[in-house]
Amino acid sequence: MASRSLLATARIGRTHGLDGFVRVESLSGEYDHLADLDKAKIRTKDGRHLDVEIEDVAERAGSFMMRFKGYESPEKAKFLSGGVMYVTRDRAPALEEGEFYVADLFGLDMILEDGTSVGKIVSVSEGAQSLLLQVDDGNGRIFLVPYMKPFVGDIDFAANTMILMMKELAEA
């Protein structure tokens, strides 16, 4: 399911009530786009990929909730708990000028200022102060780069590159 056309948009939480609703936590903090969805894909906690239809959305007790067709009971809906919901880019929240999705970082070529490639971004994880970019140098070594100045420079999505400002991170 790791595709640049699909974006992780929410985590599926525990069930709520007797009608098959599950709590849904937006990964972006925005919920308007979730309320407008009629379908999505879910990767369950056991790794299955499901195409789902959204039957109903509700806000109860300060939580955003969804009910999916075919999962209208707490017992059935529990199967979705712990999953991640994916949507197509056209159904994701709109981006402002200069913004991008974390998924857009995957596969970027990490280069030095002189254009020398030091590897490709293969994973992104949450760090204490910033995202941590995991870069594969192509020789079996992975190194981490904090996504913040002074470690990284400009991203050029057209050229599929990101500049590594501290080449020492690639040399360790």
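Good morning. The model is predicted, so that local features need pLDDT of at least 70 and side-chain atom pairs count only at pLDDT 80 or more, whereas totals for chains, interfaces and linings use all residues. Residues are numbered from 1 along each chain as its sequence is written, and side-chain values use heavy atoms, with hydrogens and water left out.

I begin with the barrel. Six strands close into it in the order E1-E2-E5-E4-E3-E6, with antiparallel pairing. From one strand to the next, the twist averages 50 degrees; axes here are lines fitted to C-alpha atoms, and angles run from 0 to 180 degrees between N-to-C directions. Strands are DSSP runs of E with at least two residues, numbered from the N terminus, and two of them pair if DSSP finds at least two bridges between them. Within the barrel order, strand E4 (residues 49–60) runs antiparallel to strand E5 (residues 63–68), and six bridges join them. Val57 stands opposite Met66 in E5.

Strand E7 (residues 109–111) is joined by three bridges to strand E8 (residues 117–126), and the two run antiparallel. Ile111 has Ser117 in E8 as its bridge partner. The two strands form a hairpin with five residues between them, and Gly115 in the turn has a positive phi of about 95 degrees. E8 also pairs with strand E9 (residues 131–136), in the antiparallel sense, over six bridges.

Finally, the aromatic rings. How many aromatic pairs does a search of the whole structure find? It finds three. Rings of Phe, Tyr and Trp (its six-membered ring) pair if their centres lie within 6.5 Å; planes under 30 degrees apart count as stacked, over 60 as edge-to-face and the rest as tilted. The ring centres of Phe100 and Tyr147 are 6.1 Å apart and the planes stand at 90 degrees, so this pair is edge-to-face. Because Phe100 lies in the loop between strand E6 (84–88) and E7, and Tyr147 in the loop between strand E10 (142–146) and strand E11 (152–156), the pair ties together parts that are 47 residues apart in sequence. Phe100 is partly exposed at 23% relative accessibility, and Tyr147 is partly exposed at 26%; the class lies between buried, under 20% relative accessible area, and exposed, over 50%, with a 1.4 Å probe and protein chains only. Ring pairs link Phe100, Tyr147 and Phe157 into a cluster.

Technical notes: Helix = DSSP H or I, 4+ residues; strand = E, 2+ residues; numbered from the N terminus.
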